[in-house]
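These are my notebook entries on one structure, written as I went through it. The entries begin with charged side chains and move on to the sheet and the core.

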Amino acid sequence: AAESGLSEGEALEEGTGRDAKSAARKERKAALKAMKRERRAQSPKDKADAKRKPCDKCNRSVDLLVRCRIDVSQKWFMLCGRCWHSVSGGVPDGDSEHPHYKYGGLWKNRAAKVTTPSFAGAKVKADLQTLQDTEAE
C-alpha cells in the first residue's frame, strides 16, 4: 500500500471493491447459466410453440405461413392455410376470380415438423395415372 501511494485504509477499500465486482460478476454468470439450463430443458413441442407466428388475417398462431399480396394495396401478408385458400382460390398462381393475388413464398417454423403442400404432386400423379391407363389399353 505504501509503494502505490495509498494508505492502508484506501488499499483495503480498493480490494473490497474488486471483491464486490467479482462477486457480482459470478452472480450474473450463475443466473445466465441457470437461464440457459431452463431453455435447454424445454421439450421440443414447447420450443416449436414458442416460435409460431400469427396469421395476418385471422391472427391464429401457426407453423406454416404463405407470403402473398391479396388486394389493391399490394402489401405483403403472411397467411395461414385457411386464409390463403380463401384469398387465392387454392391455386398457387391465383386465378381470374382473384386478380390482386400474388404468391411470395413460404415461412416454416423449423422447430416444428411441418410438411409443405405439394400442388404439382397431385397433378403429376393424375397425369401419370392417365398415362398408365392409356398404355394399358
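Entry 1, charged pairs. Helices (H or I, at least four residues) and strands (E, at least two) are DSSP runs, numbered from the N terminus. Asp-49 forms a salt bridge with Lys-45, with 3.0 Å between the closest N and O atoms. I count a salt bridge when a side-chain nitrogen of Lys or Arg is within 4 Å of a carboxyl oxygen of Asp or Glu.

I note that the model is predicted: local features need pLDDT of at least 70 and side-chain atom pairs count only at pLDDT 80 or more, while totals for chains, interfaces and linings use all residues. Residues are numbered from 1 along each chain as its sequence is written, and side-chain values use heavy atoms, with hydrogens and water left out.

Lys-45 is exposed at 56%, whereas Asp-49 is partly exposed at 34%.

How many salt bridges does the rule give? I find three. Asp-49 also bridges to Arg-52, the closest N and O atoms being 3.8 Å apart. Arg-52 is partly exposed, at 35% relative accessibility. Arg-52 in turn forms a salt bridge with Asp-63, at 3.2 Å between the closest N and O atoms. Asp-63 sits in the loop between β2 (61-62) and β3, and Arg-52 in the loop between α2 and β1 (53-54), so this pair ties together parts 11 residues apart in sequence. Asp-63 is buried, with 16% relative accessibility. I record Lys-45, Asp-49, Arg-52 and Asp-63 as one network of salt bridges.

I find three strands in an open sheet, ordered β4-β3-β5, with antiparallel pairing. Strands count as paired if DSSP finds at least two bridges between them. β4 and β5 (102-108) are the edge strands, each pairing on one side only. The twist from one strand to the next averages 25°. Between β3 and β4 (residues 76-79) I see four bridges, and Cys-68 has Phe-77 as its bridge partner in β4. Between β3 and β5 there are five bridges, with Val-66 partnered by Leu-106 in β5.

Six residues separate β3 from β4 in their hairpin, where Gln-74 takes a positive phi near 60°.

Axes are lines fitted to C-alpha atoms, for helices over the stretch in contact, and angles run from 0 to 180 degrees between N-to-C directions.

The largest nonpolar core has 12 residues, including Cys-55, Val-66, Cys-68, Cys-83 and Trp-107. Such a core is a set of buried Ala, Val, Leu, Ile, Met, Phe, Trp, Tyr and Cys residues joined through side-chain atoms within 4.5 Å. Which elements give two or more residues to this core? They are β3 (64-69) and α3 (81-88). Beyond its neighbours within four places in sequence, Cys-83 is in contact (heavy atoms within 4.5 Å) with Cys-55, Lys-57 and Cys-58.

Terms used. Buried means under 20% relative accessible area, exposed over 50%, partly exposed in between (1.4 Å probe, protein chains only).
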